[in-house]
Amino acid sequence: MEQRHLGRTGLRVSRIGLGTLTWGRDTDEHDAAEQLKAFWDAGGTLVDTADVYGGGEAECLLGRLMERLVPRQDLVLSTKAGSVPDPDRRTDGSRGHLLAALDASLARLGTDHVDLWQLHAFDPHTPLEESLQALDIAVRSGRARYAGVANFCGWQLAKAGTWQLGGDRTRLAGAQLEYSLLQRGVEREVLPAALDLGIGLLPSSPLGRGVLTGKYRSGTPSDSRGASETMAPFVEPYLDDAASRIVDAVTTAADGLATTPLHVALAWVRDRPGVTAPIVGARTARQLTAALSVETLSLPDEICRALDDVSAPVHRYPDHDWSTL
């Protein structure tokens with residue numbers, strides 16, 4: 001699998017990443033092992049997790065698999081901290097919480113460092129410079145090799161990225177946000193900020209939470225995430241008429257290219273400007289292997305333009321030159 005630099009850093013990652021959101025909850029150890037082995041065999045390196053996935057079980061599971069299945073040194077290990085299971089406070093970006101969370105993640109993962117450590121979300125109740133200082137401490141202490149953020153909006157990313165360029169601070173390597181043909185909101189301000197600051201984008205849910213595969217065109221399959229009690233609310237927002245029109249266009253493009261809607265949707269986001277590596281989460285190793293076989297596909301320009309047009313979000317003032325409006 002092709003390797004790409006993450007942002008303006010020396011960190012190289014596979015251009016498809018493996019997500020572990022459902023590990024330890026909907027994905028058991030056997031299925032997780034098959035996925036990790038298939039990913040590694042395909043040349044994949046970037047494995048993404050978080051301290052809250054499965055209540056910490058995703059990290060524990062990954063740690064056990066690295067002990068017996070895939071060498072730690074062959075993986076680019078990414079985890080996140082800052083999200084908390086508290087209905088009154090969804091994020092905690094305090095320096096104390098973040099560093100304690102990192103130490104707990106390292107213990108669960110069974111390693112002395114992660115390759116990429118990310119703030120999981122912006123905390124409006126903590127000064128941003130305090131949260132960012134935790135990234136600096138983590139890198140200086142060797143507990144993390146590189147640092148990034150996730151789920152930051154445009155001004156938050158621009159502020160954080162600019163702050164980190166000053167003084168003896170750790171440059172932000174990556175930003176992880178949802179990005180797909182069904183969710184192009186990052187193109188308004190996040191992506192321009194990332195491109196300007198040299199921050200690589202790591203799209204999550206690049207298949208529109210599974211909807212872009214076309215599996216929901218005739219209803220909700222009983223074995224899909226949309227039929228899962230825990231994941232159905234996650235999928236439901238993308239089952240509207242607007243999404244259906246985009247899925248139809250992706251399916252038409254796939255038929256014309258003799259490939260699958262999954263491959264078309266994944267190749268589209270993988271090769272967007274500023275994107276380093278989409279993070280793919282799968283229920284089974286077979287699904288993951290199907291996604292990884294996109295490696296040889298590059299979409300023709302005319303297909304990209306057609307998909308751009310059918311999925312184009314409304315970007316008006318002040319996102320475009322005011323004189324053209």
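Helices α2 (residues 57-68) and α3 (residues 95-109) have axes 7 Å apart and pack at an angle of about 40 degrees. Axes here are lines fitted to C-alpha atoms, for helices over the stretch in contact, and angles run from 0 to 180 degrees between N-to-C directions. The two helices, α2 and α3, are therefore oblique to each other; angles under 35 degrees count as roughly parallel, over 145 as roughly antiparallel, 65 to 115 as roughly perpendicular and the rest as oblique. Helices (H or I, at least four residues) and strands (E, at least two) are DSSP runs, numbered from the N terminus.

The model is predicted: local features need pLDDT of at least 70, side-chain atom pairs count only at pLDDT 80 or more, and totals for chains, interfaces and linings use all residues. Residues are numbered from 1 along each chain as its sequence is written, and side-chain values use heavy atoms, with hydrogens and water left out.

On the α2 side, Glu59, Cys60, Leu62, Gly63 and Met66 meet Ser105, Arg108 and Leu109 of α3, where contact means heavy atoms within 4.5 Å. The residues of this contact divide into 4 nonpolar, 2 polar and 2 charged. In this classification Ala, Val, Leu, Ile, Met, Phe, Trp, Tyr, Cys and Pro count as nonpolar, Asp, Glu, Lys and Arg as charged, and the others, Gly among them, as polar.

A further helix pair is formed by α8 (residues 241-257) and α9, whose axes come within 8 Å and cross at roughly 105 degrees. Helices α8 and α9 are therefore roughly perpendicular to each other. Val250, Thr251, Ala253, Ala254 and Leu257 in α8 meet Pro261, Val264 and Ala265 in α9. This contact of α8 with α9 comprises 7 nonpolar residues, 1 polar and no charged.

The largest nonpolar core holds 84 residues, of which Trp23, Leu36, Trp117, Leu157 and Leu201 touch the most other members. Helix α9 (residues 261-270) supplies the largest share of this core, 7 residues. A nonpolar core is a set of buried Ala, Val, Leu, Ile, Met, Phe, Trp, Tyr and Cys residues joined through side-chain atoms within 4.5 Å. A second, separate core of 10 residues includes Leu11, Ala173, Ala277 and Ile279. Beyond its neighbours within four places in sequence, Leu157 is in contact with Val149, Phe152, Leu172, Ala175, Val190, Ala193, Ala194, Leu197 and Ile199.

Accessibility classes of selected residues are tabulated below; buried means under 20% relative accessible area, exposed over 50%, partly exposed in between (1.4 Å probe, protein chains only).

| Residue | Relative accessibility | Class |
|---|---|---|
| Asn151 | 44% | partly exposed |
| Cys153 | 29% | partly exposed |
| Cys304 | 22% | partly exposed |
| Ser205 | 18% | buried |
| Val280 | 3% | buried |

Val280 lies in strand β10 (residues 279-280). Leaving aside neighbours within four places in sequence, Val280 is in contact with Ile16, Gly17, Leu18, Gly19, Pro206, Leu266, Leu288 and Ala291. The C-alpha atoms of Val280 and Arg15 are separated by 11 Å, although these residues are 265 residues apart along the chain.

Most residues other than glycine have a negative phi. Asn151, in the loop between β7 (144-150) and α5 (154-164), has a positive phi near 60 degrees. Ser205 has a positive phi of about 45 degrees and is found in the loop between β9 (200-204) and α7 (232-235).

A search of the whole structure finds 0 disulfides, a disulfide being a pair of cysteine sulfur atoms within 2.5 Å.
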